[in-house]
Amino acid sequence: MPLLLLSKEHKEHLSFLSTVDEEAVTEFGKLAMDFVLKGVNPKVYNAASKKLGVDADSVQHAVEGIMFLLTESSKMNMSDMDFNDSVMILGFADQLHQQLMEVYKEHMDTVRRITGEMAMTLPQYKDMKWRIDAQIASRTLRQQNDPSVVIHLDTIDVNADPKAIVLQTDPATLARVTSQLEAALKAVKSSHYRRITRAIK
């Protein structure tokens with residue numbers, strides 16, 4: 001019987017649901033689905049926080065907590081009983097417990113389909129080779145310097161089938177791409193990213 005293992009942080013995030021009414025919990029469930037489908041939207045959290053009179057971080061943490069329940073339970077194909085047992089340790093009132101159950105049952109198939117598509121469509125990196133091509137002169141142009149970078153990228157899909165991709169670009173474009181990738185790596189180290197990662201793992 002598979003059960004979710006909830007961290008102390010997840011429990012704290014979900015405990016906020018006990019402080020709001022049933023309508024707000026239902027709305028948080030919809031926000032969690034929007035998160036799964038469209039990604040994070042700070043404006044929505046700010047609007048909900050003003051309506052409830054609480055800080056936006058509490059709203060965001062509660063939504064991320066529900067999203068974790070939805071994604072992990074759906075990936076594990078949990079039965080109603082298993083889901084019920086997993087959230088029982090949170091000590092919620094019966095009404096809130098039942099609401100979370102309804103949210104799970106309503107969105108289970110959609111979340112399972114989305115997580116399945118994400119897992120199946122992303123190729124994996126295997127190897128990469130690169131070289132710089134430059135024509136330094138021709139019959140018409142005695143002095144010429146127009147280098148290009150050629151990248152040979154090897155990947156494998158979910159069936160372990162190899163695929164080779166050849167890319168060509170100029171050094172300036174490659175420098176811009178490198179800058180964007182470095183910015184992305186820096187963002188990975190942020191607390192916000194770690195919070196999102198823990199929610200979807």
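Predicted model: local features only at pLDDT ≥ 70, side-chain atom pairs only at ≥ 80, totals over all residues.
Residues are numbered from 1 along each chain as its sequence is written.

The protein contains eight helices and three strands, where helices (H or I, at least four residues) and strands (E, at least two) are DSSP runs numbered from the N terminus. Read from the N terminus, the order of elements is α-α-α-α-α-α-β-β-β-α-α. Of the 201 residues, 33% are buried; buried denotes under 20% relative accessible area, exposed over 50%, and partly exposed the range in between, with a 1.4 Å probe and protein chains only. The protein exposes about 13200 Å², and carbon and sulfur atoms supply 56% of this area. Accessible areas were computed by the Shrake-Rupley method with a 1.4 Å probe, and for residues only the protein chains shown count as cover. Among contacts (heavy atoms within 4.5 Å) with a separation of 6 or more, 62% join residues 24 or more positions apart.

The three strands form an open sheet in the order β1-β2-β3, with antiparallel pairing. Strands β1 (124-133) and β3 (162-169) are at the edges, and each has a single partner strand, so one side of each is left without a neighbour in the sheet. Neighbouring strands are turned by 15 degrees against each other on average, direction ignored; the axes are lines fitted to C-alpha atoms, for helices over the stretch in contact, and angles run from 0 to 180 degrees between N-to-C directions. Two strands are taken as paired if DSSP finds at least two bridges between them. Strand β1 is joined to β2 (residues 148-156) by nine antiparallel bridges. In this pairing, Asp127 is opposite Asp154 of β2, and Met128 is opposite Leu153 of β2. Eight bridges, also antiparallel, link β2 and β3, and Val150 is opposite Gln168 of β3. Strand β2 is mostly covered, with seven of its nine residues buried.

The largest nonpolar core comprises 37 residues. Such a core is a set of buried Ala, Val, Leu, Ile, Met, Phe, Trp, Tyr and Cys residues joined through side-chain atoms within 4.5 Å. The residues with the most contacts inside this core are Leu17, Phe28, Val63, Ile66 and Leu70. Helices α2 (22-38), α3 (42-52), α4 (56-75), α5 (80-88) and α6 each supply at least two residues of the core. With neighbours within four places in sequence left aside, Leu17 is in contact with Val25, Phe28, Ala62, Ile66, Leu96 and Leu100.

Side chains of opposite charge can pair when their charged atoms come close. The structure holds three salt bridges, each defined by a side-chain nitrogen of Lys or Arg within 4 Å of a carboxyl oxygen of Asp or Glu. One joins Lys105 to Glu102, with the closest N and O atoms 4.0 Å apart. Both residues lie in helix α6 (residues 94-121), three residues apart, about one turn of the helix. Lys105 counts as partly exposed because its relative accessibility is 39%, and Glu102 is likewise partly exposed at 39%.

A second salt bridge joins Lys129 to Asp127, the closest N and O atoms being 3.3 Å apart. Lys129 is partly exposed, with a relative accessible area of 47%, and Asp127 is partly exposed, with a value of 30%. In a further salt bridge, the side chains of Asp133 and Arg131 meet at 3.0 Å, N to O. Here Asp133 has a relative accessible area of 29% and is partly exposed; Arg131 is partly exposed at 48%.

Asn77 is located in the loop between α4 and α5. At 53% relative accessibility, Asn77 counts as exposed. When residues up to four places away in sequence are not counted, Asn77 touches Tyr104 and Arg112. The C-alpha atoms of Asn77 and Asp109 are separated by 9.3 Å, with the two residues 32 residues apart along the chain.

Technical notes:
Heavy atoms only, no water.
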